[in-house]
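Colleague: Could we go through this model together? I would like to begin with a term that I keep meeting.

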Amino acid sequence: MDVRSSPPDLGRSWWLREALARPEFAGPDAPPLAGDTSADVVILGGGYTGMWTAWFLRERDPGLDIVLLEQDICGGGPSGRNGGFCDGWWSHIVDLIDTYGEADALELLMHVGRSPSEIGAWCEANGVDAWFRMGGDLAVASAPAHAGGWRRTLEAAAWLGVGDEYQELTAAEVRARVRSPVFGDGLLLRDAANLQPARLARGLRNVLLARGVRIYEGSAVTRFGFGTPVVAETAGGSVRAGEAVIALGAWATWWRAFKPHLTVRGSYMVVTEPIPDRLEAIGWTGGESVRDLRSSVHYLRTTADGRIAMGLGGLQPDLARHIDARYAYDEASVRRVADDLLGMFPELAGTRIDAGWGGPINVSGLAMPFFGTLEPGNVHYGLGYTGNGVGPSHLGGKICASLAAHADDGFTRLAVVTREPKRFPPEPLRSPGMYAVNAAIRRKDDREGVGRMPDLATRTIATLPRRLGFHLGPRR
């Protein structure tokens, strides 16, 4: 099957199937919860945030009894379906300053900026081969309208004294790293990595099991009772705990406390067969993660076995009122990704596409995660990574662990904890309005991508979120 055919749906992401085929990542069984039990802390969600929370709680107190409940298997959700871009928030510096002010923005940048290197060090220390590679994050202008689209970013970085984190590249310098007929000039963020996301998720799971964290897979929470203690019920039993952490990602969207602040989008990916010779031919051997400046962003990277994995974010297969099978695989969306990959690299004609898949993204109004505690004071949460969770979820685990420990430390005083997240409009405006805006954003991106000026109606609708104070979609 080549890039001109529909990418196959193999049930799970290529990342997860690759990891599960190896005993060190398949790991010991974690059967569903059977019966009633108690714990010091119960964590809802076996993705990065939930598992990093368990890790940092155990680092604080090795004797803590922790139960983690996962509806599927650890890494079965977005943590095993994403592009594996492991970076911080350097590309969000303008929005960070606008939202939190200069001092708080700089503090957040410094904290999360350490996450990529700390994740790499964790993998090495724990013997987890997650294909971690510190190759940098390369933003490229793939349309004339995007040329120099990082000017405000560089101005803000210079103002905060962190300009050394960025390197502006000419079109020739971009081509020296990866040759594509549609790539113009670019901006390199040096302190960024990529990795095999499912290997990280499964490796983290198995290290936690070895450390005594009780993980129950196939254990969806059917009822959650607030109180002291909290009670998390599944089809097979229940967990009573003094503290709870909600790390459910997109599945938290329909909790009453979070619905005003979250919505769902889809992101879809394809992966080629191994093509090391073609990677050599296009000069893409430095391990850079590449993304363009579309609001519905293309993101792509190479793999340790010589493939290209590419995704397209910001897609919405329906009104986003629930998560259905189309978020795991939507033929039109993965077909679009394969077509766009061929448009970027025409020399890939005839290359086999080994798989296509998707995943739901929990989107917050400010495009930043938010953390906090619900009444009566023992239920904590971390949500809303908006498609950039691999690196920031490491910091998110530190924050949630501090909240669950009731620690008055630097993590619980970060602006992503102390500031209120932005609210989306209520129904019945919310779902159809977001669908119309999302379609306009993609339409604007597509027209600019072929050198056409979007019409006034498209521009007006696409930029509406920004004019309403959201950090979503294009500025102009």
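Predicted model: local features only at pLDDT ≥ 70, side-chain atom pairs only at ≥ 80, totals over all residues.

Colleague: At what angle does H7 run to S5?

Modeller: Helix H7 runs at about 145 degrees to S5.

Colleague: And what is the order of the strands in the open sheet?

Modeller: The open sheet has eight strands in the order S5-S6-S4-S13-S14-S15-S12-S16, and the pairing is mixed. Strand S5 (166-169) and strand S16 (353-364) stand at the edges. Each has a single partner strand, so one side of each is left without a neighbour in the sheet.

Colleague: What holds strands together in general?

Modeller: Strands of a sheet pair through backbone hydrogen bonds, either parallel or antiparallel.

Colleague: How many bridges join S14 to S15?

Modeller: Five bridges join strand S14 (residues 298-302) to strand S15 (residues 308-315), and the two strands run antiparallel. Within this pair, Tyr 299 stands opposite Gly 311 in S15.

Colleague: Which strands does H11 lie across?

Modeller: Helix H11 (residues 331-344) lies across strand S12 (262-272), strand S13 (289-292), S14, S15 and S16. Helix H11 runs at about 125 degrees to S15.

Colleague: Let us turn to helix pairs. At what angle do H6 and H9 pack?

Modeller: Helix H6 (residues 115-125) and helix H9 (residues 197-210) pack at an angle of about 55 degrees, and their axes are 11 Å apart. That makes H6 oblique to H9. The crossing of H6 and H9 is left-handed.

Colleague: Which residues make that contact?

Modeller: Helix H6 contributes Ile 119, Trp 122 and Cys 123, while helix H9 contributes Leu 200, Gly 203, Leu 204 and Val 207. By class, the contact of H6 with H9 has six nonpolar residues, one polar residue and no charged residues.

Colleague: How does H6 pack with H12?

Modeller: H6 and helix H12 (residues 392-404) pack at an angle of about 85 degrees, with their axes 8 Å apart. That makes H6 roughly perpendicular to H12. In this pair, Ser 115, Glu 118 and Ile 119 of H6 meet His 394, Leu 395 and Lys 398 of H12. The contact of H6 with H12 divides by class into two nonpolar, two polar and two charged residues.

Colleague: What about H3 and H12: how far apart are their axes?

Modeller: The axes of helix H3 (residues 48-60) and H12 are 7 Å apart, and the two helices pack at an angle of about 55 degrees. That makes H3 oblique to H12. The crossing of H3 and H12 is right-handed.

Colleague: Which residues meet there?

Modeller: Among them are Tyr 48, Trp 52, Phe 56 and Arg 60 in H3, and His 394, Gly 397, Cys 400 and Ala 404 in H12. The contact of H3 with H12 has seven nonpolar, seven polar and two charged residues.

Colleague: Finally, the whole chain. How many helices and strands are there?

Modeller: The chain has 16 helices and 18 strands. Its radius of gyration is 21 Å, close to the 23 Å that the globule rule gives for 476 residues, so the chain is as compact as a globular protein of that length. The C-alpha atoms fill a box of roughly 60 × 45 × 45 Å, taken along the principal axes.

Notes: Residues numbered from 1 in each chain as written. Heavy atoms only, no water. Axes fitted to C-alpha atoms, helices over the stretch in contact; angles between N-to-C directions. Helix = DSSP H or I, 4+ residues; strand = E, 2+ residues; numbered from the N terminus. Parallel < 35°, antiparallel > 145°, perpendicular 65-115°, else oblique. Left-handed = near helix turned anticlockwise from the far one by under 90°. Contact = heavy atoms within 4.5 Å. Nonpolar A, V, L, I, M, F, W, Y, C, P; charged D, E, K, R; others polar. Pairing = 2+ DSSP bridges. Rg over C-alpha atoms; globule rule 2.2 N^0.38 Å.
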